[in-house]
Amino acid sequence: MAINNEPSEWQAESSNSFVPVYYKGNLTGFFQQDYVDEIIKFLNEQEVLNKALRLACTDLIKKTGGDANQVKNLMKKYIKISERPKYGTRAIALLLKERQKELDLSSQEFTKFCDTFKVSPLELDNIYAGEPIDDSLLAPLARILGLSKEQLLEVRDGIEE
């Protein structure tokens, strides 16, 4: 006999209704009505963007006389370049650009700002060019970005997962 004060492990919520979603005629899952239209719109936009990228890469390969079998590899290359870098110099360069935007500074003003923290214009240009970042720049860059030196080190070197 169950004690009435304790909630049951299994429960039903009859007020929530879920809508089936199909991809190319196959059931992919169920979503709440409130979200399904936005999800479908997003997924269809992604499909259009993938087709556009495939066509652009195919055209590029045709114009350059490349092998038509390389379309997928070229697509992967462009997607990889377009993704936000998580680690390395490119990631730090992006953080610096975002910091510049946060501070609402022009490129020249931001360069002077960084110089006051002991990151010279040449060192800043080298970071933007993707060159390796020396350990001696970690502390001033961390101050510029408002991060700890350890956090910046993780961004520069990546963290093992």
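In the hairpin of strand 1 and strand 2, 2 residues sit between the strands, and Lys24 has a positive phi near 50°. Strand 1 (residues 18–23) and strand 2 (residues 26–32) run antiparallel and are joined by 6 bridges. Across this pairing, Pro20 faces Phe30 of strand 2. Pairing here requires at least two DSSP bridges between two strands. The strands (E, at least two residues) and helices (H or I, at least four) are DSSP runs numbered from the N terminus.

A word on the model before we move on: it is predicted, so local features need pLDDT of at least 70 and side-chain atom pairs count only at pLDDT 80 or more, while totals for chains, interfaces and linings use all residues. Residues are numbered from 1 along each chain as its sequence is written, and side-chain values use heavy atoms, with hydrogens and water left out.

**The nonpolar cores**

The largest nonpolar core has 18 residues, of which Ile92, Leu96, Val119, Ile127, Leu141, Ile144 and Leu152 touch the most other members. Helix 3, helix 4 (107–116), helix 5 (121–128), helix 6 (138–145) and helix 7 (149–157) each give two or more residues to this core. Helix 6 gives the most, with 5 residues. Such a core is a set of buried Ala, Val, Leu, Ile, Met, Phe, Trp, Tyr and Cys residues joined through side-chain atoms within 4.5 Å. Buried means under 20% relative accessible area, exposed over 50%, and partly exposed in between (1.4 Å probe, protein chains only).

Leu96 shows how these pieces meet: beyond its neighbours within four places in sequence, Leu96 is in contact (heavy atoms within 4.5 Å) with Phe110, Leu124, Ile127, Tyr128, Leu141, Ile144 and Leu145. A second, separate core of 5 residues includes Cys57, Ile61, Val71 and Leu74.

Gln100 belongs to helix 3 (residues 89–103). Its relative accessibility is 10%, so Gln100 counts as buried. With neighbours within four places in sequence set aside, the contacts of Gln100 are Leu105, Ser106, Ser107, Phe110 and Tyr128.

**Two helix pairs**

The table sets out two packed pairs. Axes are lines fitted to C-alpha atoms, for helices over the stretch in contact, and angles run from 0 to 180 degrees between N-to-C directions.

| Helix pair | Axis distance | Angle |
|---|---|---|
| helix 4 and helix 5 | within 9 Å | roughly 115° |
| helix 6 and helix 7 | 9 Å | about 105° |

Helix 4 and helix 5 are therefore roughly perpendicular to each other, a label that covers 65 to 115 degrees (under 35 is roughly parallel, over 145 roughly antiparallel, and the rest oblique). In this pair, Phe110, Thr111, Cys114 and Asp115 of helix 4 make the contact with Pro121, Leu124 and Tyr128 of helix 5.

Helix 6 and helix 7 are likewise roughly perpendicular to each other. Here Leu138, Leu141, Ala142 and Leu145 of helix 6 meet Lys149, Leu152, Leu153 and Arg156 of helix 7.

**Helix 6 and what follows**

Helix 6 is mostly covered, with 6 of its 8 residues buried: Leu138, Pro140, Leu141, Ala142, Ile144 and Leu145. The cover over these buried residues includes helix 3, helix 4, helix 5 and helix 7.

Gly146 follows helix 6 and has a positive phi, near 75°. Gly146 lies in the loop between helix 6 and helix 7, and its relative accessible area of 61% makes it exposed. From Gly146 to Pro132 is 14 residues in sequence and 20 Å in space, C-alpha to C-alpha.
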